[in-house]
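Hello,

I am handing this structure over to you, and my notes follow below it. Please have it open while you read.

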Amino acid sequence: MAVKGFYVTTPIYYVNAAPHLGHAYTTIAADVLARHHRQRGEEVFFLTGTDEHGEPVADAARAQGVTPQELADKNAERFRALGPRLGATNDFFIRTTDPEHERVVREVLAKVHEAGYVYEGVYEGRYCPRCADFKAENEIGPDGLCPIHKIELTVEREENYFFALSRFQEPLERLYAEQPRFVAPQSRFNEARSFIESGLRDVPLTRKHLTWGITVPWDESHVFYVWFDALLNYYTALRYAPAADGREGLWPPSYQLIGKDILRFHAVYWPALLMAAGIELPEHIFVHGFLLMDGEKMSKSLGNVLDPFAVIDRFGTDALRFYLFREVPFGQDGSVSTASFELRYEVELANELGNLASRTLAMISRYRDGELPDGPLDELLAADFEGLAERVREQFDRAELTSALEEIWVRVRRLNRYVEERAPWTLAKDQAAAGELDLVLRSLAEGIRSVAVLLWPYLPASSERLLASLGAEALALDGAGFASGNVHRTAPPEVLFPKELGPA
Ligand code: MSP
């Protein structure tokens, strides 16, 4: 049997508007995970893409006087272009208008129909066209508006085919009882479990009055409700993505990253749908919080968005990747702002990491002409690095991207203190301390090498430059430990994070 690969997904993004930092956030998080698992030597598949059917897209297209396909083509391109700018190494970019996706959606849902989990009925309820979702009474506040978009809800009554979600009440309760890490963080696990325990009702699977969607094979007057079409992307992609061809052991997903607003779809509907289709369930769903600006969720409909392209032009890709997981604990909500961005860039990237590296390289060039003889490492410093790579690995096993980064950053700060404590510039004045100076410089170079390997998923371009100047390009996690004999010849320093930023 093939070894289980590491399969990570992001939600697929709606093409009714342009990408913003909230989308970039999930894509970067998935990329950090993907890169880390590649460092472990695992077979990785990283999927992202666009969600192109449904009412929000049809409405936005109508408002702009273009066809839904034209709008989808235009905006899918913008999402696709965002990936490389973020340093994302996704193996495929799925579009739900891909004919292969449509074919497999029809195939899977026909199976669910044949298995007896679909029936005809009438749905009546209050509906948010932007969420493309019906709202239960207890979700609607006293103002009667959509709690997310703050817009009027419409009352919809229509004939639909229903998915018999209620028949998965017990299987889902069992899933949550048996797999305490199916959804993380714990608060989101509890939220999904209480939703299930409060009693599941059947949900509409198709819509009759929409045409922008995938036609239902057993009744061509209906299209599938966009969420079912969309959720299946995680499965359909592996059936036709060129990079998945012939790679066994990718299904099921290892980690599916989502925002907290789409918890119910992923933590309840999605496993039920897979059970109905007889397909194995994902291993973990990790739910991140919202990036807030001025205390509100950043969103296209609220108009308070930070443009990731502008941020990257000014600070660079690595700085954005780093900032998002430093500033906002992954899994919680947190505010972002230009001011806190600039502060972290200056203090942490330019000073704590950039200066540490350039001072160290400058001293190795000045005192040792760039050559470090083999020899022992500082034992006290080694003790502070003991077990670091293993702890980072454990945090990654739980998708704790902020805690993993903090583990590493504690060592970056430790190395800065080490420079001050050992003052190599003083040792350099004393011939008798030559051996000790070797040890200090070697230990610093090795410490920097170790953190650079571990930081690579967050800061890929900077880590690679740093490792190249240490003459130690290997990225494998097995080689991340603090051990002597790795750095021999170093290059003169270069500025990793220039203080002069590009124009705002
Ligand atoms: N198309 C659906 C997902 C279908 S997945 C089968 C969708 N698209 S979306 O474009 O609206 O949002 C995609 C993801 O971006 C969601 O997980 C959402 O939480 C995330 N973000 C959008 N704005 C965000 C923030 N301000 N902060 C963090 N993430 C947010 O929902």
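E42 touches F6 and H37, leaving aside residues up to four places away in sequence; contact here means heavy atoms within 4.5 Å. E42 is found in the loop between α1 (21–39) and β3 (44–51). Helices (H or I, at least four residues) and strands (E, at least two) are DSSP runs, numbered from the N terminus. With a relative accessible area of 28%, E42 is partly exposed. On this scale buried means under 20% relative accessible area, exposed over 50%, and partly exposed in between, with a 1.4 Å probe and protein chains only. The C-alpha atoms of E42 and G141 are separated by 47 Å, and these residues are 99 apart along the chain.

Before going on, a word on the source: this is a predicted model, where local features need pLDDT of at least 70 and side-chain atom pairs count only at pLDDT 80 or more, while totals for chains, interfaces and linings use all residues. Residues are numbered from 1 along each chain as its sequence is written, and side-chain values use heavy atoms, with hydrogens and water left out.

Next, the domains. The protein chain is divided into domain 1 (6–288) and domain 2 (337–479), with bounds that come from an automatic or database domain assignment. Their C-alpha centres lie 41 Å apart, and the contact takes 10 residues from domain 1 and 15 residues from domain 2. About 1,400 Å² is buried between domain 1 and domain 2, and carbon and sulfur atoms give 63% of that area. Buried area is the accessible area (1.4 Å probe) that two parts lose on being put together, summed over both. In domain 1, the residues that lose the most area to domain 2 are R35, Q39 and R40, together 46% of what that side buries.

How many salt bridges does the rule find across the interface of domain 1 and domain 2? There is 1, a salt bridge being a side-chain nitrogen of Lys or Arg within 4 Å of a carboxyl oxygen of Asp or Glu. R40 forms a salt bridge with D397, and their closest N and O atoms are 3.0 Å apart.

R35 also has its charged end over the ring of W456, 4.9 Å from the ring's centre. The charged end of R207 sits over the ring of Y127, 4.8 Å from its centre. For this, NZ of Lys or CZ of Arg must be within 6 Å of the ring centre and within 35 degrees of the ring normal.

Now the aromatic rings. Rings of Phe, Tyr and Trp (its six-membered ring) pair if their centres lie within 6.5 Å; planes under 30 degrees apart count as stacked, over 60 as edge-to-face and the rest as tilted. By this rule there are 34 aromatic pairs. In one of them, Y161 and W218 have ring centres 5.8 Å apart and planes at 90°, so the pair is edge-to-face. Y161 lies in strand β7 (residues 154–163) and W218 in the loop between β11 (215–216) and β12 (219–224), so the pair ties together parts 57 residues apart in sequence. Y161 counts as buried at 9% relative accessibility, whereas W218, at 22%, counts as partly exposed. Ring pairs also link Y117, F163, F168, Y225, W227, F228, F265 and Y269 into a cluster.

Finally, R411 lies in helix α15 (residues 401–422) and is buried, with a relative accessible area of 8%.

Best wishes
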